[in-house]
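This note sets out a few points for a colleague who is meeting the structure for the first time. Please read them beside the sequence and the model.

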Amino acid sequence: MIFKCEKQKFLEGISIVQKAITGKSTMPILEGIYIKANNSGLTLIGSDMDVSIQTVVDADIIEEGSIVIDAKIFGEIIRKLPNSTIKIETIENQLIKITCEKSVFDVVYMNTTEYPELPQINENLKISVNQNILKNMIKGTSFAIAQDETRPILQGILFEVKNKNLNLVALDGYRLAIRSEFLDSDMDIEVVIPGKTLNEVSKILEDIDDIVDITFTDNHILFNLEKTKIISRLLEGKYINYTSLLPQEHKLLVNVNRQELQNAIERASLMAKDGNTNLIKLDFQQDNLIITSNSQLGKVREEIEIKLQGEQIEIAFNSRYLLDVLKNIESDDVLMKMTSGITPCVLEEKDNENSKYLVLPVRLMR
């Protein structure tokens, strides 16, 4: 195998596939990057069996061949080489020679025979979404994934195609995040994708209108960008019926400036760091919202203007859960819908029905 490649392009490809190499696999070969040079170009693959990422890099292929090389050391070498053309060739004794200007490395490589094949996915059953839309949807839900392993299904994001909508849903027992986008498809799909996979997909997606094709099988999902493919296993099991968690009515509607609310809660939470509850109290009055927090550190009082429809209410929250939602709402104004001090609060963007969040309150000791 012999090929030449510009350092920056090569490094970008290596960085993409390294996202799938976790070092947690029991197979040593999966700590390596699979590199294949043929007439299709230069293909790089990284995998930990749960997630596999394949990308194609522009290169001048002089002689075809394939190797697997330790991802960590190889990535470090390429990163530190001069910004110039890199030549890579296999030589005797299971070595590759890496040459760039006056730098020469001889590095041991592994045979490709032990490297597992990627799952075969029929790309007929697919939907297409703009990269920037999908990136935004993942960002707007992934913070609500469960962190503990007691309910593995909640460590994933529900990926639902239904009624010409694509819905992404995450919940952890304390909050629920839903993002929806119109999708011109009559397909009916419900799969759960590991949250860590979608976070890696989000890093690879760009803020551009280019399309990403998404294909499903019983066990896997494939994200196909122009030069990069990401294949992930799906989580087994049935996701919670999230629609049943959303209150059907409310007795209180609050319209508040998102940035003012976020700033006030961030300040109030400075006094709420006593223990892990991050407890803040919200007192909704006719024209004002008073936010307070008391702890051994001291106390704080914040006041902001609101528009309230309904009766006044007192309710307490873990400030972190509210802040996670507010940081992912894009409109200037946020609507808060509540019924009592012990029932969930629903937050929505004022002029956008595509985002919906639910946060459970903390019961106050009287």
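Is Asp106 buried, partly exposed or exposed?

1. The model is a predicted one. In it, Asp106 has a relative accessibility of 44% and therefore counts as partly exposed, since that class lies between the 20% limit for buried and the 50% limit for exposed. Asp106 forms a salt bridge with Lys97, and their closest N and O atoms are 3.6 Å apart. Lys97 is likewise partly exposed, its relative accessible area being 25%.

2. The structure holds 20 salt bridges. Side chains of opposite charge can pair when their charged atoms come close. One of the salt bridges joins Glu200 to Lys203, with 3.5 Å between the closest N and O atoms. These two residues stand three apart in helix H4, and about one helical turn separates them. Lys203 is exposed, with a relative accessible area of 54%.

3. A further salt bridge is formed by the side chains of Glu302 and Arg267, at 2.8 Å from N to O. Glu302 belongs to strand S21 (residues 298-305) and Arg267 to helix H5 (residues 258-269), so this pair ties together parts that are 35 residues apart in sequence. Glu302 counts as buried, at 13% relative accessibility, whereas Arg267 is partly exposed, with a relative accessible area of 42%.

4. A patch of negative charge is found on the surface, where Glu12, Glu206, Asp207, Asp209, Asp210 and Glu226 gather. Within this group, Glu206 is located in the loop between helix H4 (195-204) and strand S15 (211-216). Glu206 is partly exposed, and its relative accessible area is 48%.

5. Met49 is not a glycine, yet it has a positive phi of about 80 degrees. Met49 sits in the loop between strand S3 (41-47) and strand S4 (51-57) and is partly exposed at 46% relative accessibility. Asn93, also not a glycine, has a positive phi of about 65 degrees. The loop between strand S7 (85-91) and strand S8 (95-100) holds Asn93, which counts as exposed at 63% relative accessibility.

6. Which residues does His250 contact, leaving aside its neighbours within four places in sequence? They are Lys337, Met338 and Thr339. His250 lies in the loop between strand S17 (228-233) and strand S18 (252-257), and at 36% relative accessibility it counts as partly exposed.

Key. Residues are numbered from 1 along each chain as its sequence is written. This is a predicted model: local features need pLDDT of at least 70, side-chain atom pairs count only at pLDDT 80 or more; totals for chains, interfaces and linings use all residues. Side-chain values use heavy atoms; hydrogens and water are left out. Patches are made of residues with over 30% relative accessible area and no salt bridge: like charges are joined within 9 Å, nonpolar side chains (Val, Leu, Ile, Met, Phe, Trp, Tyr) within 5 Å. Accessible areas come from the Shrake-Rupley method with a 1.4 Å probe; for residues, only the protein chains shown count as cover. A salt bridge is a side-chain nitrogen of Lys or Arg within 4 Å of a carboxyl oxygen of Asp or Glu. Lys and Arg count as positive and Asp and Glu as negative; His and the chain ends are not counted. The place of a charge is taken as NZ of Lys, CZ of Arg, CG of Asp or CD of Glu. Helices (H or I, at least four residues) and strands (E, at least two) are DSSP runs, numbered from the N terminus. Buried means under 20% relative accessible area, exposed over 50%, partly exposed in between (1.4 Å probe, protein chains only). Contact means heavy atoms within 4.5 Å.
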